[in-house]
Amino acid sequence: MKFRHLVFLGPPASGKGTQGRRLAKENHLAYLSTGALLRSALRDDTPLGQKARSFLDRGEYVPDEIMIPMVLEWVGKQGDGWLLDGFPRTVPQVEALDSLLEVKPLAIILHVSNDELRRRVACRLECVECHRVAREGEGELCPECQGKLEPREDDAAENFGNRLDEYRRLVIPAVTYYCDQQRARIVNGMGSPDEVYARVRG
Ligand SMILES: [Zn+2]
């Protein structure tokens with residue numbers, strides 16, 4: 001992988017987190033999950049968490065004026081390379097990130113059918129400590145850190161529908177932007193995590 005700045009885009013439950021973590025680890029890239037970052041801000045009840053709460057409670061994306069400064073601050077602190085999961089999600093976020101960088105990032109876009117997304121989300125659990133995604137049947141504790149595995153709040157059916165709608169409305173234009181600039185790689189996200197990862201690595 002010659003790119004050192006990567007962003008992962010895809011609908012909720014497309015496997016961005018699983019694939020992004022693995023790709024980052026293998027290439028020694030710093031990894032940021034904006035979802036995990038927000039959830040810990042909520043848990044710690046930070047000022048940012050308080051602002052973000054009402055959006056997350058409705059299953060909506062957190063607006064640019066909260067997300068952009070938070071993520072750009074993180075990016076500014078990183079050295080050699082990084083991978084972002086969950087950002088950018090809107091065209092203004094893409095532009096804000098580009099404006100910070102001399103070498104523009106490559107976008108990896110996971111494509112998964114809606115039926116498959118709904119099937120996955122129905123049985124998805126997440127570690128409350130490290131936010132690794134697990135499947136039902138993997139046991140009660142996280143294989144990585146022994147944290148407790150629980151269903152994610154935003155995976156509730158009603159919230160999930162909202163998140164899919166938001167994805168179409170906000171993220172698809174960002175995907176189109178990367179495609180127009182020929183900085184996108186669209187990857188088939190159907191199949192087992194290993195099968196998808198083989199495609200992600202390219
Ligand atoms: Zn864990």
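Which residue just after helix 2 takes a positive phi? I looked this up at the outset, in what is a predicted model. The residue is Asp45, with a phi of about 55°.

**Entry 1. Positive phi values**

I noted that Asp45 is not a glycine, although its phi is positive. I placed Asp45 in the loop between helix 2 and helix 3. Its relative accessible area is 41%, so I recorded Asp45 as partly exposed. I then turned to Gln182, another residue other than glycine with a positive phi, here near 55°. Gln182 belongs to the loop between helix 7 and strand 8.

I traced an open sheet of 5 strands in the order 2-3-1-4-8, with parallel pairing. Strand 2 (30-33) and strand 8 (184-188) are the edge strands, each of them pairing on one side only. On average, neighbouring strands of this sheet are turned by 20° against each other, direction ignored.

**Entry 2. Strand 1 and its partners**

I followed strand 1 (residues 5-9) to strand 3 (residues 82-85); the two run parallel and are joined by 4 bridges. Val7 has Leu84 of strand 3 as its bridge partner, and His5 stands opposite Trp82 in strand 3. I also checked strand 4, which runs parallel to strand 1 and is joined to it by 4 bridges. There I found Ile108 of strand 4 as the bridge partner of Phe8.

Which residues point which way from strand 1? I found His5, Val7 and Leu9 pointing one way, and Leu6 and Phe8 pointing the other way; all are buried. Strand 1 is largely enclosed by the rest of the structure, because 5 of its 5 residues are buried.

Within helix 2, I listed Thr34, Ala36, Leu38, Ala41 and Leu42 as buried. The cover over the buried residues of helix 2 includes strand 2, helix 3 (47-57), helix 4 (64-77) and strand 3.

**Entry 3. The cis peptide bond**

Where is the peptide bond from Phe87 to Pro88 placed, and is it cis or trans? I read it as cis, with omega near -5°. Pro88 is in the loop between strand 3 and helix 5 (91-100).

**Entry 4. The zinc site**

Which residues are the protein donors of the zinc ion? I identified the SG atoms of Cys127, Cys130, Cys142 and Cys145, lying 2.3 to 2.4 Å from the ion. The angles among the 4 donor atoms are 100 to 117°, and I recorded the site as tetrahedral. Because four donors count as tetrahedral if all angles lie between 85 and 135 degrees, the site meets that criterion. Along the chain, the donors follow the spacing C-x2-C-x11-C-x2-C. I noted that Cys127 and Cys145 link distant parts of the chain, being 18 residues apart. Cys127 is in strand 5 (residues 124-127), whereas Cys145 is in the loop between strand 6 (133-135) and strand 7 (149-151).

Leu125 counts as buried because its relative accessibility is 13%, under the 20% cut-off. I recorded 26 Å between the C-alpha atoms of Leu125 and Ile186, which are 61 residues apart along the chain.

Tyr178 is buried, because its relative accessible area is 0%.

I ended with Thr176, which is in helix 7 (residues 157-180). Thr176 counts as partly exposed because its relative accessibility is 37%. The C-alpha atoms of Thr176 and Tyr197 are separated by 23 Å, and the two residues are 21 residues apart along the chain.

Terms used. Residues numbered from 1 in each chain as written. Predicted model: local features only at pLDDT ≥ 70, side-chain atom pairs only at ≥ 80, totals over all residues. Heavy atoms only, no water. Pairing = 2+ DSSP bridges. Axes fitted to C-alpha atoms, helices over the stretch in contact; angles between N-to-C directions. Donors = N, O, S within 2.8 Å, 3.2 Å for Na, K, Ca; no water. Tetrahedral: all angles 85-135°; square planar, octahedral: opposite > 155°, others 65-115°. Buried < 20%, exposed > 50% of the residue type's maximum accessible area, 1.4 Å probe, protein only. Contact = heavy atoms within 4.5 Å.
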